[in-house]
Amino acid sequence: MRNLTAKAFWILFSDGGAKLFGFFTTIYLARTFGADSYGLIVLSLSVMGICIWFSDLGIQTLATRAMAASDPGKRTPARYFWLKVSLSVVVILVSAAIVWVVLAHNPALRTLVLLFLLSLLPQSLQIQWYYHGIQDFKWITAANWIQGALYLGCLVFIVSSDDLFLVPLVYSLSILAGALTLLISYRGKQSLFSTPDFSKWPSDLKKSFYLGAGHFMAQSIILLPPILIGFFFSEYDVGYYSVAFKLVLVVMLADKMINVLLLANLSKLWVERPEDVPGQLSIVARWMIVFGSLGSIILFFISSSIIPFLFGSEYGDSIIMLKYLCFILPVTFLNSVYSYGLISFGQDERFLKSTLMGGTGAMLLMLAGGASSLMSVMLASIVAAEILITVSMYYQFKQTVRLDVTRFVFFGTPLLAISVLSGLFLPVHSLLMMMMSLTAFCLLIYGTGLIPTEDIHWLRRRITQ
């Protein structure tokens with residue numbers, strides 16, 4: 001357990017640091033440029049996020065597996081390194097041509113997107129997949145902190161409200177610094193710059209596509225909304241939405257922590273004692289819903305205080321957006337159990353099927369939400385889209401393992417609603433309402449037996465042993 005906890009610490013320290021710098025960067029950009037120009041930045045990053053998928057196609061996941069499965073002397077990282085670099089160059093050229101034509105009506109957005117696309121090249125030099133494969137997370141942590149600190153520092157000391165187009169250049173520079181940190185620290189047997197085996201690339205791309213396509217569809221809930229809001233509403237609304245969703249992403253760090261601590265040994269358990277998986281994973285799933293629900297309650301009640309404090313009074317519209325979006329959390333936390341489970345069990349095709357079906361439906365839902373021209377409907381469609389993806393993931397997951405969470409979902413959802421509503425209409429301060437709602441939810445799920453005493457003891461053992 002100590003080894004697992006140490007690895008979890010480095011992963012969380014790395015991801016936490018990256019998200020911390022990203023969060024402060026969001027605050028600085030939102031305050032410096034205002035909702036309109038900040039919305040342009042978010043739109044550019046969303047378009048770049050789609051291009052990043054095409055420049056990766058799941059190669060990082062495939063390379064991580066390959067590094068983990070091979071003996072140190074038999075690892076061939078140059079094969080994956082050059083494949084990512086080559087693919088990124090192609091995507092930059094093709095994407096730039098498409099962006100130049102499609103965004104001709106919006107020169108400012110077109111210029112921003114083109115500048116952000118340049119970051120695909122330094123991103124292709126990042127070799128986190130190698131360090132993940134060999135289970136050495138210290139250098140990833142160092143690279144993430146260097147990248148985040150350089151990006152935020154340069155923005156604060158160099159970029160002002162008149163320097164919108166400097167943002168993507170600083171972004172690319174910070175990514176390059178992080179990539180160079182990993183390249184300099186690399187000590188593998190094979191040089192990354194040696195000639196790769198080109199004949200393996202077609203089969204590598206075919207294998208990586210299952211995971212890559214699945215992750216892309218699963219990420220539609222993050223990549224697509226800013227683009228749809230920019231198309232159907234305004235760039236101001238994109239800025240408001242991004243501020244609200246950034247707070248949701250901060251809470252999702254707990255999702256990463258729980259998965260590292262509780263699901264890290266799932267593959268081993270599946271191989272050694274598959275009969276124990278349903279019971280153990282059912283407990284994990286119940287706790288994931290609980291933690292996600294607690295996060296929803298916290299964000300719901302602090303939204304009216306934290307958004308003006310962090311981003312300024314200009315972002316008042318983000319408050320109601322956050323009150324909608326916070327209810328994504330318990331759904332996302334549960335979805336993580338299903339997605340991590342399918343990947344851990346080696347069910348790549350089921351993972352792809354679930355994300356293709358759920359992701360396609362989610363895109364159509366969000367498209368309909370945007371077409372309604374009502375922001376409340378758009379936000380509700382985003383939450384519904386995440387539910388649809390999770391249901392699709394559950395349908396494929398249950399073909400492999402059946403979990404005992406139906407009763408919890410059926411009764412836990414109204415209990416969450418009761419806990420929020422019970423505090424919402426009381427004439428007290430929002431922080432006091434939050435504490436009352438958190439207490440009410442915990443008492444309700446324990447009193448109704450949804451979380452029995454055995455589950456509490458189980459969680460304590462997993463954390464302290």
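Predicted model: local features only at pLDDT ≥ 70, side-chain atom pairs only at ≥ 80, totals over all residues.
**Whole chain**

Start with everything displayed and colour by secondary structure. The protein chain has 21 helices and 0 strands. Of its 465 residues, 51% count as buried.

**Helix α3 and its salt bridges**

How many salt bridges does a search of the whole structure find? The number is 3. Two of them can be visited from helix α3, residues 77–102.

Select lysine 84 and aspartate 56. Their side chains form a salt bridge, with the closest N and O atoms 3.2 Å apart. Lysine 84 belongs to helix α3, while aspartate 56 sits in the loop between α1 (2–54) and α2 (59–69); the two are 28 residues apart, and the pair links distant parts of the chain.

Next, select arginine 79 and aspartate 204, which meet in a salt bridge at 2.6 Å, N to O. Arginine 79 is in helix α3 and aspartate 204 in helix α9 (residues 201–218), so this pair ties together parts 125 residues apart in sequence. Arginine 79 is buried at a relative accessible area of 15%; aspartate 204 is buried at 1%.

Move to arginine 286 and aspartate 455. Their side chains meet in a salt bridge of 2.8 Å, N to O. Which helices does the pair tie together? Arginine 286 comes from α14 (residues 277–311) and aspartate 455 from α21 (residues 453–464), so the parts joined are 169 residues apart in sequence. Both arginine 286 and aspartate 455 are buried.

**A buried arginine with no salt bridge**

Select arginine 110, in helix α4 (residues 107–117). Arginine 110 is buried but has no salt bridge. How far away is the nearest side chain of opposite charge? That side chain is glutamate 235, at 13 Å. To see what surrounds arginine 110, show Val99, Trp100, Leu103 and Ala104: these are its contacts once neighbours within four places in sequence are left aside.

**The nonpolar surface patch**

Together with Val89, Val90, Leu93, Val94, Ile98, Val101, Val102 and Leu121, Trp100 forms a nonpolar patch on the surface, with about 860 Å² of accessible area in total. Helix α3 contributes the largest share, 8 residues. Pick out valine 94, which lies in that helix. Valine 94 has a relative accessibility of 46% and so counts as partly exposed, the class between 20% and 50%.

Select residues 138–158, helix α7. The 21 residues reach 30 Å from the first C-alpha to the last, close to the 30 Å expected at 1.5 Å a residue. Colour α7 by accessibility: its buried residues include Ile140, Asn144, Gln147, Tyr151 and Leu155.

Then take residues 235–251, helix α11. With 17 residues, α11 reaches 25 Å between its first and last C-alpha, close to the expected 24 Å. The buried residues of α11 include Asp237, Tyr240, Tyr241, Phe245 and Val248.

**Two loop residues with positive phi**

Finish with backbone torsions. Select leucine 57, in the loop between α1 and α2. Leucine 57 is not a glycine, yet its phi is positive, at about 55 degrees. With a relative accessibility of 16%, leucine 57 counts as buried because it falls under 20%.

The last stop is serine 373, in the loop between α17 (348–371) and α18 (375–397). What is phi of serine 373 near? The value is near 65 degrees, which is positive in a residue other than glycine.

Methods:
Residues numbered from 1 in each chain as written. Heavy atoms only, no water. Helix = DSSP H or I, 4+ residues; strand = E, 2+ residues; numbered from the N terminus. Expected span 1.5 Å × (residues − 1). Buried < 20%, exposed > 50% of the residue type's maximum accessible area, 1.4 Å probe, protein only. Patch = residues over 30% accessible without salt bridge, like charges linked within 9 Å, V, L, I, M, F, W, Y side chains within 5 Å. Areas by Shrake-Rupley, 256 points an atom, 1.4 Å probe, with all protein chains shown as cover. Salt bridge = Lys/Arg side-chain N within 4 Å of Asp/Glu carboxyl O. Lys, Arg positive; Asp, Glu negative; His and termini not counted. Contact = heavy atoms within 4.5 Å.
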